[in-house]
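Q: I'd like to learn how to read a model like this one feature by feature. Can we take it as a tutorial, starting with how the parts are arranged?

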Amino acid sequence: MAFGYRAPLIGSGEDATVVAFLPRWVGYAWAFPRIDHISFGIATTQDAFDHKALDRLLWDFMVSYYDVAQVGSLRKMQLWKSASKTQIDNLRHKAERYAARIPGLEPRTWDTRKACGEGWALLGDAAGFADPVTGEGIYYAIRSAELFADAYLACEPLKYEALWRKDFGGELKRASQMRRRFYGNFWGAPFTDRMIEFARGHRGIRKVLGQLVAGDQGYVNLKKKLARSALKPL
Ligand SMILES: Cc1cc2nc3c(=O)[nH]c(=O)nc-3n(C[C@H](O)[C@H](O)[C@H](O)COP(=O)(O)OP(=O)(O)OC[C@H]3O[C@@H](n4cnc5c(N)ncnc54)[C@H](O)[C@@H]3O)c2cc1C
């Protein structure tokens, strides 16, 4: 589930992009500046969804974002600091709400999913093609359309099934197997916190995680790549 608010830009041209992993929940919150507003949001799994608690968390995040913007340093942003009712009310009348679902299939569904048949085919979100860890689906929507077009133009539309499986099916299944672990515990702290700590101190890990976020590093060999880069000298 994803929901959030479209709220005004700070106006200084300095609006920052922020991604913050949630305390106690699978998922993350974001601030994405756009041309005429900032999109704030939270995405988490449907089974863990608690709208009231998550909404409160998002208002705290938004109030901290604007507070820091006034101070001018994002490093000072105190994530999840409780905002007062007045602070929230001041922002509430300027924010416009939105909510939507993002598909995030379970590992077993990837084996049984069928994305085409006689006279029909599913692409993008309709087929469930979004990354179960990050919720990103734009790439897979466009890529599945390309693959279907290839099969269709070759007069073999049913070959689309084998094409998407080979192209990105394995990656998305691997991501769905990793989802719990990605947001779970690792050496006594959330995996995400540990990875940020490691990335701060280790160039190799920072590089691999940067490639993961940019979509240049897949999930299938992620563990091996992280272990290998951790063993390289700093
Ligand atoms: C809040 C939020 C944030 C996201 N952030 C990211 C991100 O940062 N990066 C990323 O990669 N992905 C992100 N995603 C996921 C991404 O938006 C989707 O995976 C992607 O848009 C799927 O593309 P699509 O073409 O399959 O479906 P859609 O983009 O949903 O397009 C389907 C279109 O069909 C139209 N439609 C529906 N029914 C009918 C009908 N009966 N007749 C005619 N038209 C119809 C809809 O109006 C819509 O325009 C986000 C999703 C949400 C909800």
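Q: How many Å apart are the C-alpha centres of domain 2 and domain 3?
A: Domain bounds come from an automatic or database assignment. Here the C-alpha centres of domain 2 and domain 3 are 26 Å apart. As for the bounds, domain 1 covers 2–100, domain 2 covers 109–180 and domain 3 covers 183–231.

Q: Before we go on, what am I looking at?
A: It's a predicted model, where local features need pLDDT of at least 70, side-chain atom pairs count only at pLDDT 80 or more, and totals for chains, interfaces and linings use all residues. Residues are numbered from 1 along each chain as its sequence is written, and side-chain values use heavy atoms, with hydrogens and water left out.

Q: How many helices and strands does the chain have?
A: Helices (H or I, at least four residues) and strands (E, at least two) are DSSP runs, numbered from the N terminus. This chain has 9 helices and 9 strands. Its C-alpha trace spans about 60 × 50 × 35 Å along the principal axes.

Q: What share of the chain's 234 residues is buried?
A: Buried means under 20% relative accessible area, exposed means over 50%, and partly exposed is in between (1.4 Å probe, protein chains only). Buried residues make up 40% of the 234 here. Arg194, in helix α7 (residues 191–201), counts as buried because its relative accessibility is 17%. Ala154, in the loop between α5 and α6, is partly exposed because its relative accessible area is 45%.

Q: What does Arg194 do with its side chain in terms of polar contacts?
A: A polar contact is a pair of N or O atoms within 3.5 Å; within protein, one must be able to donate a hydrogen and the other to accept it, and residues adjacent in sequence count only if both atoms are side-chain atoms. The side chains of Arg194 and Glu197 are joined by one of 3.1 Å.

Q: How do I compare separation in sequence with distance in space?
A: Arg180, in helix α6 (residues 160–182), is 154 residues from Val26 in sequence, with 7.4 Å between their C-alpha atoms. Beyond its neighbours within four places in sequence, Arg180 is in contact with Val26, Thr45 and Asp47. For Ala154 and Glu136, 18 residues apart along the chain, the C-alpha atoms are separated by 29 Å. Over the chain, 60% of contacts with a separation of 6 or more involve residues 24 or more positions apart.

Q: Which residues are closest to the ligand?
A: A residue is near a molecule if one of its heavy atoms lies within 4 Å of it. Of the 13 residues that surround the ligand, the closest are Ala100, Asp125, Glu136, Gly137 and Ile138. The side chain of Asp125 places an N or O atom 2.6 Å from a ligand oxygen. On the backbone, a polar atom of Gly137 is 3.0 Å from a ligand nitrogen, and an N or O atom of Ile138 is 3.0 Å from a ligand oxygen. Taken alone, the ligand exposes 990 Å², and the protein buries 40% of that (areas by the Shrake-Rupley method with a 1.4 Å probe; for residues, only the protein chains shown count as cover).

Q: Which elements and domains supply the shell around the ligand?
A: β3 (27–33), β5 (96–100), α4 (124–127) and α5 (138–153) each supply at least two residues. Domain 1 and domain 2 each give at least three.

Note on methods: Contact = heavy atoms within 4.5 Å.
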